[in-house]
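User: Could you help me see where the terms in a structure description come from? I would like to ask about them one at a time.

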Amino acid sequence: ASGAQAAAHEHPPVVVGHRGAAAYAPENTLASVDAAHRLGITWVENDVQRTKDGQLVVLHDTSLARTTNVKKVFPDRSPWNVGDFTLREIEKLDAGSWYDAKFKGERVPTLEDYLDEVEHNGQRLLMELKNPELYPGIERQALRELRHDGWLNGAHVKSRLIVQSFNADAIKKVHRLEPAIKTGFLGNPSVTDLPKYAAYCDQINPPHTAVTRAYVDAVHALRGPHHRRLELYTWTVDDAKAAVGSAGLGVDGVISNKPDVVREALADG
Ligand code: G3P
Ligand code: CA
């Protein structure tokens with residue numbers, strides 16, 4: 001069968017809201033989780049980093065400068081790295097106004113508050129460990145928080161949580177520490193290298209522009225650590241053309257700032 005014919009027999013990809021629903025609310029805030037929820041989007045993606053005093057928070061950039069008013073509140077603390085600020089300091093920051101005045105008062109969420117919101121909404125979480133090399137031990141710590149909040153219990157860990165990273169060592173560690181967790185590697189390793197990743201990753205998640213049908217087939221030909229077919233989610237898929245393109249290649253998921261647009265496109269396609 002041609003790629004398009006083969007794809008027609010496969011499940012449509014899961015749609016994951018990128019940083020919540022980052023096209024509609026300030027990324028990685030509780031407002032963004034809720035925006036995705038209101039659109040009926042079950043899966044959300046986030047980015048986890050650590051404060052100076054060892055608290056896990058949800059933020060994409062290493063620096064607080066782009067997505068908060070940190071420059072105004074702490075003008076002398078350039079380059080405003082999250083790892084140089086205590087949680088108390090970070091709690092003073094506005095993480096919404098940079099995006100739109102109507103989001104004034106949004107905070108950089110702690111991972112714990114973020115997990116509670118996702119849970120409260122009945123959503124599911126694709127959690128990225130961002131730059132884990134900057135935060136020794138963050139894998140174990142993140143797992144401790146997930147366990148504390150019930151995310152490693154049978155049903156949750158099986159169907160509601162994926163932990164991903166660009167850092168293969170971090171994912172290896174997560175798999176070793178908590179083998180039940182579903183894991184993803186962000187990037188596009190060569191086809192020859194894929195079997196190495198399949199030893200500890202359930203997913204390979206490349207940029208959508210880097211994926212071909214042959215690559216998707218090579219991923220699908222392998223089984224992951226849970227003996228299921230290796231999956232592939234693409235990012236960041238923000239328009240109908242990219243969504244239909246990824247779906248036509250047979251991908252298992254698409255990660256999108258505009259998950260509603262992508263869902264519509266896939267329903268029409
Ligand atoms: O989930 C995929 C995507 O988030 C990876 O890139 O830079 O947005 O974290 P980035
Ligand atoms: Ca991310």
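Predicted model: local features only at pLDDT ≥ 70, side-chain atom pairs only at ≥ 80, totals over all residues.

User: Why are β7 and β8 called paired strands?

Analyst: Two strands pair if there are at least two bridges between them. Strand β7 (residues 203-205) and β8 have two bridges, in the parallel sense, so they qualify. In one of these strands, β8, E231 is the bridge partner of Q203. Between β7 and β8 the chain passes through helix α10 (residues 213-220), in a right-handed β-α-β crossover.

User: What makes β8 and β9 a pair?

Analyst: The cut-off is at least two bridges, and two bridges join β8 to strand β9 (residues 253-256), so these parallel strands pair. Y233 has G253 of β9 as its bridge partner. Here the chain crosses through helix α11 (residues 240-248), and this β-α-β crossover is right-handed too.

User: Which way do the residues of β8 point?

Analyst: E231 and Y233 point one way and L232 and T234 the other.

User: Which residues touch the most other members of the largest nonpolar core?

Analyst: In this core of 70 residues, they are V16, V44, V57, V251 and V254. Helix α2 (residues 30-38) gives the most to the core, with five residues.

Methods. Residues numbered from 1 in each chain as written. Chains lettered and ligands numbered in written order. Core = buried A, V, L, I, M, F, W, Y, C linked by C-beta atoms within 7 Å. Buried ≥ 20, exposed ≤ 12 C-beta atoms within 10 Å, placed from the backbone. Helix = DSSP H or I, 4+ residues; strand = E, 2+ residues; numbered from the N terminus. Right-handed = clockwise from strand over helix to strand, strands pointing away.
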